[in-house]
Amino acid sequence: MNIIDIIVKTKRKEKLSREEITWMIDSYVEGIIPDYQISAWLMAVCFNSLSEEETFYLTEAMRDSGDKLDLSGVDGVTVDKHSTGGIGDKTSLIIAPVCAACGLRVPKMSGRGLGFTGGTIDKLESIEGFRVNVDFEDYINIINKNGAAIIAQSGHLVPADKKLYALRDVTGTVDSIPLICSSIMSKKLATGADCILLDVKTGSGAFMKTAEDAQKLAELMVKVGKSCNKKCCAVITDMNEPLGNAVGNSLEVIEACEILSGRQKDRLYDLCMILSANMLELGGFGNYDSCLEMAKEKIENGQALEKLADMIEAQGGNRNTVYDSSLFAQPQYSLEIKSDSDGFISQINSEEIGMSALMTGAGRKSKEDTIDFTAGIVLNRHVGDAVKKGDVLMTLYSSTVTDLSFAGERALNAVCIQSEKVTVGNVLINTIK
Ligand code: URA
């Protein structure tokens, strides 16, 4: 086989066979095909797309490029969730204990954040003593004991995606639906859960800027998952503003505890209940409506919060952290950002809020940077709210950046205020089963 023939075929919109795709991915991982030829192929995919069949073959070849986890040691149905990424997205910290409290098994391998995106693993590391590096045997034991574990990705999982994603990042080839689908699904399939829920975000702060593109990606991922004999479902959800109030590591864990305690009932709560109900339904716990009720009950009776405490204790942290936010390191500096006009909030640009949070020290500019766990932003207002000049829109926190005014200016510019009233759509846009 010859990589030039493969590039030319995709350039001419001719279909590639399973053998050609598998050979290309294997040869790339082995270093036989250089980056510049794969870059040319990726760009051809961006222009001409791939068929469903080709996307399936690509996903399969990527999944098989490294280790695959065997979760057969878990005693029960396992359900994993993947979100296509959002600012302030702490849903994994909420839905894992909610579903585990209902009896579902939730094995979760998560990543760290880079740039303005936050990583679940960084959030958990803001809890003193919390171990994210857990060996596979312990991982299975913790899941069997507590129902859920969230650990850092380890081992040699999907090396093809590591190489391809790094290359896509620097060649302007990230935003292709079949490439995003194969990247996400190969990782989900390699981590071994029986069922997969996909949360596809759409809006200003998402990869998929339009609901139409989000729908296409969601449908394709569900088809690929089902072709690999997984139970699969996708929800399309709104990302036109940060999710919840907090952006930043310990701030987000504290907010997750507020949701789990039942004290915070907002759009984030609604989304977490929708995600949990879909996961429980996938796991065979009943129909959607009864699963939704079950999830809500676990919040009301305190079992979901107690489950997060169990998870933290099992991974080396202090279980009381979920009941007492003073156990987190406290920020040294803060700055309130006030509205400079009267009106209604029409948009809060998530990416800009993410960039501002990065400037407070909450994220990494490069892989080697250390994170200030106390840093970030707490929003007081959301899209649709009426505001008056001088109202506090948000507060910035840090222990490493003494002058928060630059970050504050960026955050203020992320908020659009208009004179007309604003109608706010539902957080759930569609469900694909
Ligand atoms: N997330 C991924 O894991 N891969 C993509 O290509 C895009 C988002």
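Glu258 counts as partly exposed because its relative accessibility is 25%, where partly exposed lies between buried (under 20% relative accessible area) and exposed (over 50%), computed with a 1.4 Å probe on protein chains only. This is a predicted model, in which local features need pLDDT of at least 70 and side-chain atom pairs count only at pLDDT 80 or more, while totals for chains, interfaces and linings use all residues. Residues are numbered from 1 along each chain as its sequence is written, and side-chain values use heavy atoms, with hydrogens and water left out.

**Salt bridge of Glu258**
- Glu258 pairs with Arg263 in a salt bridge whose closest N and O atoms are 2.9 Å apart; the term denotes a side-chain nitrogen of Lys or Arg within 4 Å of a carboxyl oxygen of Asp or Glu.
- Arg263 is exposed, because its relative accessible area is 57%.

- Asp89 and Lys201 meet through their side chains in a salt bridge (3.9 Å, N to O).
- This pair joins distant parts of the chain, 112 residues apart: Asp89 lies in the loop between β1 (79-83) and α5 (91-101), and Lys201 in strand β4 (residues 195-202).
- Helices (H or I, at least four residues) and strands (E, at least two) are DSSP runs, numbered from the N terminus.
- Both Asp89 and Lys201 are buried.
- Arg410 forms a salt bridge with Glu352, with 2.7 Å between the closest N and O atoms.
- That pair connects helix α16 (residues 405-413), which holds Arg410, with helix α15 (residues 350-360), which holds Glu352, distant parts of the chain 58 residues apart.
- Arg410 is partly exposed at 29% relative accessibility, and Glu352 is partly exposed at 26%.

- The whole structure contains 27 salt bridges.
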